[in-house]
Amino acid sequence: MSINVYQRKDGRYEGRITMEKVNGKRKYKAFFGKTSDEVLQKMTDFHAMATCKGSTKKTFSAVYEEWFCSILYRVKESTAANYTLKADKHILPVFGNQNISDISQNSIHQFIREKQDCGLSNRYITDILILMKSVFRYASRTYHISNPMDGMIMPKKQKSEIRLLTIKEEEQLMQMINKNQNLTTLGIALAKMTGLRIGELCALRWKDIDLEKRILTVRKTLQRIQCKDGKKRTKLQLTDPKSETSKRRIPIPECMMDLLRKFLGKADEFILSAKTKPIEPRTLQYRFAKILKNGNLPSIHFHALRHMFASKCVQLGFDIKSLSEILGHSGVEITLNRYVHSSFEQKSEFMNKLQIAC
């Protein structure tokens with residue numbers, strides 16, 4: 001086993017360990033770091049684990065609890081609740097009582113097939129596997145056991161099409177909003193014109209709106225999370241947004257100003273409830289669904305309004321960087337890959353422009 005460390009053009013250091021030949025071809029394992037010492041340490045740790053595999057009599061459940069306690073101090077309560085939900089519902093019933101040293105890659109592949117047969121999407125199954133990977137990495141570092149998930153290929157994620165409203169349906173929705181102005185339709189209009197997530201919208205207070213400067217500031221998000229104390233199953237939690245980039249300032253479109261002034265409340269009141277207690281996201285989703293039904297409009301998820309906003313901005317010529325920051329994304333790739341949709345009519349219009357070039 002040979003070791004080689006060098007500095008890359010991007011400034012990072014890369015180290016490679018030469019592994020045994022597989023089917024006559026030499027295999028390598030790469031390690032990256034900011035310094036050569038960091039890379040060497042990673043390579044040393046890997047070599048130590050590779051040459052001295054250990055074992056433990058602990059069950060997956062016991063190791064999961066150790067890992068969970070070790071990460072609690074650095075994750076949000078909502079993230080911890082999400083881990084608990086996935087572990088309790090999917091992972092522990094299958095692997096919980098098994099010795100973690102005995103769990104093989106074949107058994108994990110079988111687990112994946114069973115979850116697919118149950119109708120879970122590959123995206124959700126991948127989220128479950130990422131959680132399992134973290135537990136196995138902890139076990140590998142702590143007990144020097146072989147990690148069955150090393151090199152495992154995740155299920156291919158199918159890109160699901162999100163149903164959006166057509167131009168005609170969108171115009172009909174706006175007519176309904178203008179005709180029936182209330183706190184719910186104010187929320188729908190805000191989501192459609194700013195791209196706010198439903199949790200951010202429900203957490204919005206009047207102190208987050210500067211009508212003079214026409215600026216909306218996203219500071220919090222509201223979500224219902226699982227409880228682990230056993231006293232109740234779930235609870236509403238007002239917390240920081242999902243990432244630092246989600247904390248943002250959004251210019252308010254001029255067309256929203258009259259509607260906002262009409263319902264202006266006290267600084268500490270939540271905009272959608274006009275009280276110091278917020279309405280929760282699923283209540284707003286239910287009200288939105290009722291409005292769509294009453295208007296004979298197709299049933300779409302509230303989150304589709306965010307997608308419609310992003311697509312409309314692209315059509316109007318927004319640069320992707322600005323749009324990404326308005327949406328609170330960490331990078332423009334997320335904006336382009338997930339939130340930009342084009343209609344068949346728009347594609348036809350673009351294709352017809354080729355006539356000029358012919």
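Trainee: Which side chain does Lys192 meet in a salt bridge?
Mentor: Glu170, with 2.7 Å from N to O. Keep in mind that this is a predicted model.

Trainee: Where do Lys192 and Glu170 sit?
Mentor: Lys192 is in helix α7, residues 183–194. Glu170 is in helix α6, residues 167–179.

Trainee: Is Lys192 buried or exposed?
Mentor: Buried, at a relative accessible area of 9%. Glu170 counts as buried too, at 12% relative accessibility.

Trainee: Why does 12% count as buried for Glu170?
Mentor: Because buried means under 20% relative accessible area, and Glu170 has 12%.

Trainee: How many salt bridges are there in the whole structure?
Mentor: A search finds 21. One of them joins Lys235 and Glu77. Their closest N and O atoms are 2.7 Å apart.

Trainee: How far apart in sequence are Lys235 and Glu77?
Mentor: They are 158 residues apart. Lys235 lies in strand β7, residues 234–239, and Glu77 in helix α3, so this pair ties the strand to the helix.

Trainee: And how accessible is Lys235?
Mentor: Partly exposed, at 25% relative accessibility. Glu77 is partly exposed as well, at 40%.

Trainee: What about Arg248, which residue is its salt-bridge partner?
Mentor: Glu200. The closest N and O atoms are 2.9 Å apart. This pair links distant parts of the chain, 48 residues apart. Arg248 is in strand β8, residues 248–251. Glu200 is in helix α8, residues 198–202.

Trainee: Are Arg248 and Glu200 buried or exposed?
Mentor: Buried. Arg248 has a relative accessible area of 6%, and Glu200 has 3%.

Trainee: What is Ser78 in contact with, beyond its neighbours within four places in sequence?
Mentor: Gln223, Ile225 and Gln237.

Trainee: New topic: rings. How many aromatic pairs are there?
Mentor: The count comes to seven. Take Phe288 and Phe302: their ring centres are 5.2 Å apart and their planes stand at 80°, so the pair is edge-to-face.

Trainee: Why is 80° edge-to-face for Phe288 and Phe302?
Mentor: Because planes over 60 degrees apart count as edge-to-face.

Trainee: Which parts does that Phe288 and Phe302 pair tie together?
Mentor: Phe288 is in helix α10, residues 281–294. Phe302 is in the loop between α10 and α11, the latter being residues 304–315. The pair spans 14 residues in sequence. Both Phe288 and Phe302 are buried.

Trainee: Which residues do ring pairs link into a cluster?
Mentor: Phe60, Phe95, Phe111 and Phe136.

Trainee: Last one, helix packing. At what angle do α2 and α5 cross?
Mentor: Roughly 95°, with the axes coming within 9 Å. An angle in the range 65 to 115 degrees counts as roughly perpendicular, so α2 and α5 are roughly perpendicular to each other.

Trainee: Which residues make the contact between α2 and α5?
Mentor: From α2, they include Phe60, Tyr64 and Trp67. From α5, they include Leu131, Phe136 and Tyr143. By class, the contact has ten nonpolar, two polar and one charged residues.

Methods. Residues numbered from 1 in each chain as written. Predicted model: local features only at pLDDT ≥ 70, side-chain atom pairs only at ≥ 80, totals over all residues. Heavy atoms only, no water. Phe/Tyr/Trp six-rings, centres within 6.5 Å; stacked < 30°, edge-to-face > 60°. Helix = DSSP H or I, 4+ residues; strand = E, 2+ residues; numbered from the N terminus. Buried < 20%, exposed > 50% of the residue type's maximum accessible area, 1.4 Å probe, protein only. Contact = heavy atoms within 4.5 Å. Salt bridge = Lys/Arg side-chain N within 4 Å of Asp/Glu carboxyl O. Axes fitted to C-alpha atoms, helices over the stretch in contact; angles between N-to-C directions. Parallel < 35°, antiparallel > 145°, perpendicular 65-115°, else oblique. Nonpolar A, V, L, I, M, F, W, Y, C, P; charged D, E, K, R; others polar.
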